[in-house]
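Biologist: Can you walk me through this one? I'd like the ground rules before the details.

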Amino acid sequence: MSGIHTIKFRLNGRAVAKHVEPRTSAADMIRHESGLTGTHVGCEHGVCGACSIVLDGAVVRGCLVFAVQLDGAEVETIEGASDSGRIAALQAAFVDRNALQCGFCTPGMLLTAAELLSREPNPSREKIREALSGNICRCTGYEAIVDAVAAAAKVKR
Amino acid sequence: MTSATTKAIGSSHRRGDAKLFVGGRGTYIDDVAMPGVLHVAFLRSPHAHASIVAIRTADADALPGVVRVVTAADLAPLCKGWQTSQTYPGYVLRTQYPLATDRVVFVGQAVVAVVAESRALAEDAVELVEIDWELLPPACDLEGAMAPDAARAHPDLAGNLAYQAEVGDPENRALFDEAACVVEAAFRFNRQTVMPMETRGVVASYLPGDGSLSVYQSHTAPHQLRSLYATHLGLDEGRIRVICPHVGGSFGAKIHLYSDEVATVAISRLIGRPVKYIADRMEALLADIHAREQIVTAKLALDEEGRFVAWRAETRLAMGAFSTHPGSSVQEADEAVRLAMAPYRVRHVGGRLEVVFQNKNIVGQYRGVGHPIAAAIGEHLIEKAAAAMGFDPVALRLANYVADDAYPVKTRTGIDLDALSHQACLRRLGEIIDIPALRAENERLRGEGIHRGFGIACFIERTATNAPSNAHIRKATAQDGITLSVDPSGAVRCAISVTDQGQGTHTVVAQVIADELGVPFDRVRIVSGDSQATPYGSGVRASRGTAVGGELALHASRELRAVILEAAAQLLQTVAERLSMTDGMIAPADSEQGNGISLADLAEIVHFKPQLLPRGAQVSLSLSRHLGHDWPALVPTNGVQASLVEVDVRTGAVRLLRHWAVDDFGTIVNPLLVAEQVRGGIAQGIGQALFEELVYDAGGQVQNASLADYLVPLASDLPDMVIDHVETPWPHSVLGAKGAGEAGTTGAVGAVLNAVNDAIRPLGASITELPMTPERMLAALNRL
């Protein structure tokens with residue numbers, strides 16, 4: 001737990017360098033060092049999915065990745081995905097369908113849903129439910145989220 | 001002039017904050033930054049019941065980066081402790097302190113706090129604190145809680161009974177002895193928790209220079225917190241400001257005040273520096289309020305025609321080591337007994353509740369508060385009676401309901417009810433579902449070895465707590481307030497005491513203002529959750545956002561509209577009665593174009609060119625109004641839910657196939673938001689029915705304090721849900737809205753319970769312990 005490591009990686013398309021303790025999680029570093037607070041920490045043991053980030057193209061749990069593991073990687077957070085417009089159709093569908101209430105799980109839901117739609121442009125409702133079953137939402141009961149993902153898939157097609 | 005537009009009330013306006021949240025741009029409690037903030041971590045009790053013999057903090061104190069190690073002795077001069085604000089005659093209470101004093105009474109109780117430069121360092125230091133414990137026998141057995149030789153949750157208690165009450169009619173055995181049919185059951189509702197996605201957290205900054213205190217907290221009621229911190233810490237309430245930023249879910253978890261929160265604020269007072277505490281998930285599962293744990297016996301007597309003759313329910317609630325604060329733990333049991341069978345005409349209704357101390361975490365007020373249990377026990381026995389007597393369960397209910405046109409009524413347990421619509425809701429359900437066809441299909445599938453069940457539960461949910469109601473909680477249920485202002489641009493500012501945790505209170509309030517004032521929805525901005533910026537009030541609890549906040553906004557808007565039209569009349573040289581305002585344009589009601597003035601132009605004149613108006617009283621485009629209920633009780637709502645399930649009799653797994661709800665929320669301001677409140681509520685009720693249980697062992701250790709082991713419903717667990725409504729406006733308000741936040745949870749538990757029992761009844765099995773896990777299902781099916 002001692003010693004500071006210097007890491008260099010790309011965060012939302014920009015090169016960054018950080019000095020981190022080995023024990024610092026990627027989620028904590030992104031939130032507290034980079035100030036990107038859209039990565040929410042819900043359980044810190046990899047179950048809830050609120051801290052999801054995109055690491056070298058794959059959605060991972062920011063709480064289960066150490067910051068030092070980001071060295072040399074390409075990282076995208078909800079802020080980057082939002083600013084680039086890559087998840088705009090999903091975001092619009094979520095707002096329109098009221099597929100979020102408190103908004104805490106939403107960044108993770110959106111990144112996970114975007115990953116689903118990138119590999120499966122026309123998923124069934126069951127497929128959507130399955131794909132989102134690693135992201136806990138306590139507000140909606142999920143149906144609106146499933147509807148929103150299905151609607152975004154339709155728009156994208 | 002703007003053409004007449006659609007009314008905002010009744011429209012599914014989208015939420016403005018949702019657009020922030022989808023970009024990750026919400027500001028939750030851990031996102032609150034403050035220069036120089038220090039971090040707090042707690043050492044929590046590993047024992048259910050033990051004396052604290054010695055605490056050694058020297059090693060922790062010496063760790064670089066640690067600022068202060070704090071024990072109960074440090075905080076004793078600052079905080080004299082507290083008991084619940086919601087008291088009942090004879091309720092035995094024990095005082096809570098920010099940190100445990102000489103004894104711990106549940107696993108997870110905060111004992112020592114470490115303040116350090118980072119949370120990680122604070123946790124490192126917690127590991128270095130040493131405590132000598134002397135173990136005491138834990139009181140964790142609910143059935144045996146009152147046995148003479150039972151361990152006591154606090155050594156100075158005469159017994160573990162904290163409160164008992166008889167409710168309604170006294171027990172009359174003859175009515176049961178002489179009845180044509182008596183059905184009865186013993187239920188067990190196991191302990192669960194609330195589990196909002198964002199854990200609780202506090203950022204507190206006490207400034208010794210001027211004695212002011214700022215608190216940011218993930219909570220639904222900033223004014224309540226302000227009053228409580230003033231009381232408990234002996235501070236001047238006028239110098240305290242509480243801000244609730246975006247809240248990542250509450251459902252009741254964040255209407256309470258917790259010892260770790262008081263400790264955090266007290267620590268800032270102690271050291272004069274800003275401090276932050278964010279609960280981690282394990283702390284949340286151990287120390288956020290727990291809910292529901294009750295054992296209930298109930299019986300229903302019917303005559304030959306199936307008329308309900310007598311009902312009795314007795315419950316015992318496992319309160320935990322203290323009563324919650326400020327709302328009490330008793331309410332969970334009290335509402336369960338009082339509301340059971342409230343939809344029906346029953347000649348004789350009575351019950352008893354016992355609330356017992358245990359060496360477990362505190363049971364508090366989780367979504368529905370007692371009502372899910374009231375509905376589950378009553379509706380289960382009704383379906384059991386229907387099966388026993390060969391009645392159709394729908395017809396049996398219709399034959400026994402209090403008729404929709406018979407209200408108002410007072411139940412035999414003393415609850416005032418008005419404007420309910422059980423008949424209309426059940427009939428509407430029958431229009432949505434072809435129940436006979438569905439039952440026939442289930443019967444056919446049973447022949448193929450597929451065990452499907454269909455169950456119904458109707459319910460009453462009491463909502464919209466307010467100041468003069470009989471559920472008054474000191475420092476918590478207050479008169480509510482609103483301030484409405486028109487800015488020079490014509491924008492409308494609303495500061496209101498009800499708050500928004502994502503359910504859409506802001507949107508609904510803005511819709512009411514848009515219509516009642518006559519301005520575009522987009523021109524209304526709502527501020528809430530800040531004790532300094534908004535008038536005093538109760539925040540959000542008990543589904544009160546629309547019923548109370550909407551009504552308040554309606555009255556204030558009408559008064560401000562009269563002020564605006566009066567000022568406009570002077571400019572337009574007419575009388576106010578001839579004017580109206582639509583979409584921010586003021587014009588004669590009967591008129592040709594050109595005679596009007598926009599609200600923005602009027603506001604510009606009032607603010608910058610008042611000389612254009614007649615001399616005399618100044619026009620004030622800002623006003624404040626306050627509202628307490630003037631009806632006798634909480635606002636009752638009703639509804640009915642239905643569930644279709646399939647039971648795998650080999651594995652005990654229950655698969656949900658479909659769920660329906662018909663609710664009566666009175667006037668619906670925003671149908672989209674209401675439907676999603678119901679769906680989310682149903683999901684939590686399903687969680688209680690099938691998944692969620694915090695398991696304590698006999699020694700008071702929590703066995704599953706992680707999200708890997710405490711199961712909440714996932715997307716793949718839940719079915720699609722059909723949501724419909726009957727609208728009986730609340731006759732005692734102008735808006736006519738009732739609370740919609742908890743009904744989903746309240747009805748779902750009984751509906752799923754009944755559906756599962758419908759599936760296994762032909763196998764001679766029944767289940768009345770929740771959650772209905774595969775293991776319990778297999779035991780019920782005699783297959784373990």
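Modeller: We'll take the conventions, then chain A, then chain B.
Modeller: This is a predicted model, where local features need pLDDT of at least 70, side-chain atom pairs count only at pLDDT 80 or more, and totals for chains, interfaces and linings use all residues. Residues are numbered from 1 along each chain as its sequence is written, and chains are lettered from A and ligands numbered from 1 in the order in which they are written.

Biologist: How many helices and strands are in chain A?
Modeller: Chain A has six helices and five strands. Helices (H or I, at least four residues) and strands (E, at least two) are DSSP runs, numbered from the N terminus. From that end the order is β-β-α-β-β-β-α-α-α-α-α.

Biologist: Which domains is chain A divided into?
Modeller: Domain 1 of chain A covers 5-81, and domain 2 covers 85-156. The bounds come from an automatic or database domain assignment. The centres of the two domains, taken over C-alpha atoms, are 21 Å apart.

Biologist: And how many residues of domain 1 of chain A are in contact with domain 2?
Modeller: 13 residues of domain 1 of chain A contact 14 residues of domain 2. Contact means that C-beta atoms, placed from the backbone, lie within 7 Å. On the domain 1 side, β3 (52-55) and α2 (78-84) of chain A each give two or more residues. That side has seven nonpolar, six polar and no charged residues. Ala, Val, Leu, Ile, Met, Phe, Trp, Tyr, Cys and Pro count as nonpolar, Asp, Glu, Lys and Arg as charged, and the others, Gly among them, as polar.

Biologist: What share of chain A is buried?
Modeller: Buried residues are 58% of the 157 in chain A. A residue is buried if 20 or more other C-beta atoms lie within 10 Å of its own, exposed if 12 or fewer, and partly exposed in between; C-beta atoms are placed from the backbone.

Biologist: Switching topic. How many residues from each chain make the contact between A and B?
Modeller: Chain B gives 43 residues and chain A gives 40. On the chain B side, α1 (16-21) and α17 (671-691) each give two or more. α17(B) gives the most, with seven residues. By class, the chain B side has 20 nonpolar, twelve polar and eleven charged residues.

Biologist: Now helix α4 of chain B. Which residues are buried?
Modeller: In α4 (residues 119-128) of chain B, B:R119, B:L121, B:A122, B:D124, B:A125 and B:V126 are buried. Their cover includes β1 (38-44), α2 (58-62), β3 (66-70) and β5 (110-116) of chain B.

Biologist: Last one, strand β24 of chain B. Which side chains point to which face?
Modeller: In β24 (residues 579-582) of chain B, B:L579 and B:M581 point to one face and are buried.

Biologist: What does β24(B) pair with?
Modeller: β24(B) runs antiparallel to strand β25 (residues 585-588) of chain B, joined by four bridges. Pairing takes at least two DSSP bridges between strands. B:S580 stands opposite B:A587 in β25(B). The hairpin has two residues between its strands, and B:D583 takes a positive phi near 50°.

How values were computed. Two residues are in contact if their C-beta atoms, placed from the backbone, lie within 7 Å.
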